[in-house]
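Thanks for coming. I will go through one two-chain model today, so please have the sequence and the structure open.

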Amino acid sequence: MATLDGSTIIGESILISGGLSGDEDLTVRGRVEGTVTLTKTLTVEPTGIVKAEVQVKNCVIAGVVVGNVTASESVELTKEGRMVGDISAPRVIIVDGASFRGRVDMGDLELPRGERPARPAARPALRAAARSAEAARREEKPRAEEKAAPAKPPAPPAAVGIGAVKRKVVVRRK
Amino acid sequence: MAAIEKAAAASRGAHTVIGSSIVIDGEISGDEDLVIQGTVKGKISLKESLFVEGSGVIEADIETANVEVSGQVTGNIAATEKVELKSDCKVVGDIRAPRILIADGATFKGNVDMEVKASKGK
């Protein structure tokens, strides 16, 4: 029962410390410390303790895991599972009863918000409209000022400096 | 025949199996039978039996009660009971155990020490 081909089982009394890598399913009932790198599924059974940096495709935790788990597909913490560490996987399942402390990273959640590009496209249009409106207002104001400005110099001739008076005199002569 | 024996040994009481695609670089210790079909580098210390199957490759020092080798072992083997080198195995290293069996067809290079001290001086 225990020996199906293509599956690895770490028994209850076994302690592995160091690096463990492989291309098949791994079931841990004992202890593994170090690093675990698999291209398939890591199953930590209730008696299993894994203190390692884990990189796998799928991870099912019913025992204890201390360390960061990176899975290319999913990480599942069952009701008996206890974990301390960070999880990075597109699918993370934490069942009622499981205990977990750490961060969860399911990847870029912004990707599904594909509508975003549409909004910025709409906003610039609004902004542009607003800008043009503002610009129009700004243009109007300067124009008003310009209109007001030329009217001012002739108004206070008395306050103008001596040079200006000379010029005015020249103008008057012409 | 050897293959049948191997399969029987593997399925009998073994709780721990290191599959053929698994590579372990480090230490393995425990109190139960261990079947190795994959690769182990480092050190193995068990209180029970170690089975190195045909596909198993070990580059490690081994300390156990019993060892059955059908695969490749590079390293020293110290057993408190028995070491059995099956046919088609390749072993390089020293063997120390009270009982050592080398089958016809086995390849072995190293020293053999069958002194009873081996079992006493655990």
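Where is Glu80(A) found? Glu80(A) sits in the loop between β8 (69-77) and β9 (82-84) of chain A. Helices and strands here are DSSP runs, helices being H or I of at least four residues and strands E of at least two, numbered from the N terminus.

Before going on, the conventions. This is a predicted model, in which local features need pLDDT of at least 70 and side-chain atom pairs count only at pLDDT 80 or more, while totals for chains, interfaces and linings use all residues. Residues are numbered from 1 along each chain as its sequence is written, and chains are lettered from A and ligands numbered from 1 in the order in which they are written.

Back to Glu80(A). The cut-offs are 20 or more other C-beta atoms within 10 Å for buried, 12 or fewer for exposed, and partly exposed in between, with C-beta atoms placed from the backbone. Leaving out residues up to four places away in sequence, Glu80(A) touches Pro46(A) and Ala62(A). A contact means that the C-beta atoms of two residues, placed from the backbone, lie within 7 Å. Between the C-alpha atoms of Glu80(A) and Val64(A), 16 residues apart along the chain, the separation is 8.7 Å.

Now chain A as a whole. Chain A has two helices and 13 strands. Of its 174 residues, 24% are buried. Among contacts in chain A with a separation of 6 or more, 1% come from residues 24 or more positions apart.

Chain B also gets a count: two helices and 13 strands. Its length is 122 residues, and 43% of them count as buried. For contacts in chain B between residues at least 6 apart in sequence, 8% join residues at least 24 apart.

Next, the strand pairing within chain B, where two strands pair if DSSP finds at least two bridges between them. What does β8(B) pair with? Strand β6 (residues 57-69) and strand β8 (residues 77-85) of chain B are parallel, with seven bridges. One of the residue pairs here is Glu68(B) with Glu84(B) in β8(B). Strand β11 (residues 99-102) of chain B also runs parallel to β8(B), over four bridges, and Glu84(B) has Leu101(B) as its bridge partner in β11(B). Two bridges join β8(B) to strand β10 (residues 95-96) of chain B, again parallel. There, Ala78(B) stands opposite Arg96(B).

On to the interface. How many residues does each chain bring to the contact? The answer is 23 residues from chain A and 23 residues from chain B. On the chain A side, the elements giving two or more residues are β1 (7-10) and β2 (15-22). The most come from β2(A), which gives eight residues. β2(A) pairs with strand β2 (residues 23-30) of chain B in the antiparallel sense, over seven bridges. Within that pairing, Gly19(A) has Asp25(B) as its bridge partner.

Last, confidence. The model scores ipTM 0.75 and pTM 0.66. The average pLDDT of chain B, pLDDT being the predictor's confidence in each residue from 0 to 100, is 86, and 83% of the residues score at least 70. Residues 1-13 of chain B have pLDDT below 50, and this stretch has 13 contacts in the model beyond near neighbours in sequence. Residues 118-122 of chain B are also below 50, with eight such contacts.
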